[in-house]
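Visitor: Please take a close look at one part of this structure for me, namely how its charged side chains pair up. I would like a careful account that I can follow on the model.

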Amino acid sequence: MAPTTAEQVSFGSGGTVVVGTLYRPADRAVTPGVVLAQGFSATMDWIVPDFAAAFADAGFAALTFDYRHLGVSGGEPRGLVDSGRQREDVRNALTYLRSRADIDDRRVALWGTSLGGAHVLAVAADDHRLAAVVANVPGIDLIRGMRGRYVPPHLRMSPARIAVAGACLLGHAVVDAARGMARATPHYIPVYGRPGHAVFADPELAGLFADLEDGSPTWRNEVAPRFLFTAPRLGPRVLSRISAPVLVTLARDDEVISSAFVRRAIAHVPDHEIIEFGARHFEMYHGQIRDRVIETHLQFLTRHLAPGD
């Protein structure tokens, strides 16, 4: 295992400054590179450092960053999750990484998880220079993809309760969107909290989000719910344009998006592999499952980026 470094970097995106961390092997002058895009509301000090450090240990440069409006990057209002802006941030991260003299711009890949998994697939549809793409539990359609997703027994509700919770969440989004058009401060809701009033409400996730608040000083448990109106809706027209080889890793019991739905959609990618793990969505980021996921991603990236001296 080679010694690695972690360098704070920055680049422009949408008229503001995006801040990132570049992990790279210290003993190599030029390396392949990977841009990492995290999931919904996440910042670069949670989950992605584990993957980035492992990639750097294996000989890749790995760029993590905070999307605009989140973490230590610029952008107002805070807590805004906008798919179009975040994809632009991914594209600008790619441009920055390829511009560096210590990166082989012919061997650059994208890695994304959850919402970030959808972003990297959308960006790859228009970027045919990419050497590879990894999408981990990708949230490619958070509307249609909810049908058929795994619902654990303790979360199973009657159709009436589901409708009420959905209507409440949509109401929050409408209010927030109206405030956005009026250039007023956002109408925030928690990322984790009560059903209908937060994005995630599974009580079994309480410990995970408590650890997140303790361990990720830049993350905030609030988000502008207008994101519902920019949520990804990737279909065959986009996915069929991806020319790079794609690896998709799925959680068999994914409670966020149906893994069966993702399988059907990814079938439209010309060159793809799908590997499924016996896990739920957030279990893909922790413990032995995470270690197996990282190893699977490394095998794929090594095959397509072939880091050398």
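Guide: Glu-273 is partly exposed, with a relative accessible area of 26%, where buried means under 20%, exposed over 50% and partly exposed in between, using a 1.4 Å probe and protein chains only. This is a predicted model, in which local features need pLDDT of at least 70 and side-chain atom pairs count only at pLDDT 80 or more, while totals for chains, interfaces and linings use all residues. Residues are numbered from 1 along each chain as its sequence is written, and side-chain values use heavy atoms, leaving out hydrogens and water.

Glu-273 pairs with Arg-303 in a salt bridge, their closest N and O atoms being 2.7 Å apart; the term means a side-chain nitrogen of Lys or Arg within 4 Å of a carboxyl oxygen of Asp or Glu. This pair links distant parts of the chain, since Arg-303 is in helix α8 and Glu-273 in strand β8, 30 residues apart; helices (H or I, at least four residues) and strands (E, at least two) are DSSP runs numbered from the N terminus.

Glu-255 and Arg-280 also meet in a salt bridge, at 3.4 Å from N to O. Glu-255 lies in the loop between β7 and α7 and Arg-280 in the loop between β8 and α8, so the pair ties together parts 25 residues apart in sequence. Glu-255 is buried at 8% relative accessible area, and Arg-280 counts as buried at 14%.

In the whole structure, a search finds 21 salt bridges.
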